[in-house]
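Reader: I would like to go through this model term by term. Please give me the rule behind each label.

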Amino acid sequence: MTLSLLLALSPVTVTEIPRNFLLTERDARRHLSPEEAAELGYEISDKLTKPLELNPCVHRSSVDRDRVAARTISHWTSGPSGSSEQLVIYKSSRAAHAAFTLLRAEAKKCARKSIPSAPELKIQWRTSKAKVGSEAVGMGYQTRQDGSVNETISGLIARKGRALMIYTTTEGEYEPGRMTKDAKKMAAKVCKLRGVC
C-alpha cells in the first residue's frame, strides 16, 4: 500500500481546535481597555494537562487519558463572579466516555470534603440530570462555613462523540440547566470538526 492510501484508511487521531471556535473565545481574545481590565478578565489555555473545570477531587493536572486537543477559557469579574468554558477532544469516543464516567464517579467519591488549609470550609458536590449530546450531567458544589453558604458553583458536562465540553458559573443558585443552551450549541458545533462525531 502507498503511504497516501494508508493515511486515508487510518483513523483520524489528531484534531486541532480552530481559533475562535469556543463560544466565549472572541470575547476572550478581545483587547480590553484599562478600565475594562480592572473590572473583568479572561484566560485562555490550550494545555492538554489542565484538569477538567469540574474537578471534585481537586487534581492538579488531568487524570483522564488520550487527549489530543483542549482549550479552556476562564472568565472573572470584580463582582466577584466567574465562569468557564472548556472543550477537550480525545483519540476516540471510548476515551471521551471514560473521562465522562470518571468525572461522574469522582463527584460521588469526593462529594463531601473539607480543605486542609481551611478546615472551617465544607464542600458538598451534587449532580443532576441533563440532556445534551451523547450523554450529559449537571454538576456543581457549594462551600459552607458555620452552616451558611459561601459560594455556589453550577456546571454542566456533556459528551458528543470524541469531545467533552464543560460550562461553569459562580452566579446564582445551583442551576446547571441554564447552561444547556450553550452546551447544545457546542455539541452541534464539534461535529463540524473532522472525525469528532
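Reader: Which residues lie nearest the centre of the largest cavity, and how many residues line it?

Author: The model is predicted, so local features need pLDDT of at least 70, side-chain atom pairs count only at pLDDT 80 or more, and totals for chains, interfaces and linings use all residues. Residues are numbered from 1 along each chain as its sequence is written, and side-chain values use heavy atoms, with hydrogens and water left out. The largest cavity is lined by 15 residues, and L52, H59, V63, L103 and E106 lie nearest its centre.

Reader: What makes a space a cavity and not a pocket?

Author: On a 1 Å grid over the protein atoms alone, a cavity is a set of points where a 1.4 Å probe fits but cannot get out; a pocket is an open set with protein on both sides within 12 Å along at least five of seven lines. A lining residue has an atom within 4 Å of a point. The count comes to 1 cavity of 30 Å³ or more. The largest holds about 110 Å³, and α4 gives the largest share of its lining, 4 residues.

Reader: How many residues of each class line the largest pocket?

Author: The lining has 11 nonpolar, 9 polar and 3 charged residues. Ala, Val, Leu, Ile, Met, Phe, Trp, Tyr, Cys and Pro count as nonpolar, Asp, Glu, Lys and Arg as charged, and the others, Gly among them, as polar. About 510 Å³ lies in this largest pocket, where volume is the space filled by probe spheres set on grid points joined across faces, edges and corners. E53, N55, W125, Y141 and I153 lie nearest the centre of the largest pocket.

Reader: Why are β1 and β4 called edges of the sheet?

Author: Strands (E, at least two residues) and helices (H or I, at least four) are DSSP runs, numbered from the N terminus. Two strands pair if DSSP finds at least two bridges between them. The open sheet runs β1-β2-β3-β8-β7-β6-β5-β4, with antiparallel pairing. β1 (40-45) and β4 (112-115) each have a single partner strand, so one side of each lacks a neighbour in the sheet.

Reader: What makes β3 and β8 a pair?

Author: 7 bridges join β3 (residues 81-90) to β8 (residues 163-169). The rule asks for at least two, so β3 and β8 pair. S83 stands opposite T169 in β8.

Reader: Which strands does α5 lie across, and at what angle to β8?

Author: α5 (residues 180-190) lies across β3, β7 and β8, at about 160 degrees to β8. Axes are lines fitted to C-alpha atoms, for helices over the stretch in contact (heavy atoms within 4.5 Å). Angles run from 0 to 180 degrees between N-to-C directions.
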